[in-house]
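I opened a new page for this protein.

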Amino acid sequence: EIQGRIQNLAMVVQMYREIINVDAAFGIFEDKKSGKCMVIGRSNADALNVGEIMRDLGGGGHPGAGSAMLRSATPEEAEQKIRELIQGNQQASAQIGELARSSVGIVHEAGRLMSEVIPSIVKTADLVQGISVASEQQADGIEQINSGMNQLNQVSINTASASEELA
């Protein structure tokens, strides 16, 4: 179910990159049901064109961000392809070693955590929808009670008027 959650996963990769303070981060998210891996990259390093790397993987993007869906690839294979492409994408060999060693975070744990969290998010959304429906039903019930009270009030007024006329 990764396909419908790409924007959320991209946000996780961006937050991860910022939290650990690296120039680039790549998230590899495995969809075990379909046997696909989603790769999402974010970078603020001029020497690393994430969009080009993602295009080489069959996806797309721009220099600072991109994504690709890899069919029939394990997370380990995806990581290896990314490392190879990073080395081919660099402008200077001195930058390759430094960027590959210290600035590129591969986000396996985030993918695992997201797949654990997604069912809870879906359940929460269902509960919120149920609360919304119940609130609407409650509002309808209150409206009916108000209408009944207004009718009862009108009957009381009519009865009081009729009693005065009889007296």
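My entries follow in the order in which I looked things up.

**Ground rules.** I am working from a predicted model, where local features need pLDDT of at least 70, side-chain atom pairs count only at pLDDT 80 or more, and totals for chains, interfaces and linings use all residues. Residues are numbered from 1 along each chain as its sequence is written, and side-chain values use heavy atoms, with hydrogens and water left out.

**Layout.** I looked up the secondary structure and found five helices and five strands. Helices (H or I, at least four residues) and strands (E, at least two) are DSSP runs, numbered from the N terminus. I wrote down the order from the N terminus: α-β-β-α-β-β-α-α-β-α.

**Surface and contacts.** I noted an accessible surface of about 10,600 Å², with 52% of it belonging to carbon and sulfur atoms. The areas come from the Shrake-Rupley method with a 1.4 Å probe; for residues, only the protein chains shown count as cover. Of the 167 residues, 32% count as buried. Buried means under 20% relative accessible area, exposed over 50%, and partly exposed in between (1.4 Å probe, protein chains only). Then I checked contacts, meaning heavy atoms within 4.5 Å. Among those between residues at least 6 apart in sequence, 57% join residues at least 24 apart.

**Strand β2.** Which strands pair with β2? Strand β1 (residues 24-31) does, in the antiparallel sense over eight bridges. Strand β4 (residues 65-71) does too, antiparallel over seven bridges. Two strands pair if DSSP finds at least two bridges between them.

**Cores.** I searched for nonpolar cores, which are sets of buried Ala, Val, Leu, Ile, Met, Phe, Trp, Tyr and Cys residues joined through side-chain atoms within 4.5 Å. The largest has 17 residues, and Phe 26, Val 39, Leu 48, Met 54 and Leu 57 have the most contacts inside it. At least two of its residues come from each of β1, β2, α2 (50-56), β4 and α3. Another core, of eight residues, lies apart from it and includes Leu 9, Ala 10, Ala 25 and Phe 29.

**Leu 48.** I found Leu 48 in the loop between β2 and α2. Is Leu 48 buried or exposed? Leu 48 is buried, at 0% relative accessible area. Asp 23 is 25 residues away in sequence, but 8.9 Å away in space, C-alpha to C-alpha.

**Charges.** How many salt bridges does the whole structure hold? My search found one. A salt bridge is a side-chain nitrogen of Lys or Arg within 4 Å of a carboxyl oxygen of Asp or Glu. Arg 83 and Glu 79 form it (3.3 Å, N to O). They sit four residues apart in helix α3 (residues 75-89), so about one helical turn separates them. Arg 83 is partly exposed at 33%, while Glu 79 is buried at 19%.

I then turned to Arg 42, in strand β2. Arg 42 is buried yet has no salt bridge; the nearest side chain of opposite charge, Glu 18, is 8.7 Å away. Lys and Arg count as positive and Asp and Glu as negative; His and the chain ends are not counted. Leaving out residues up to four places away in sequence, Arg 42 touches several others, among them Ala 10, Arg 17, Asp 23, Val 50 and Gly 64.
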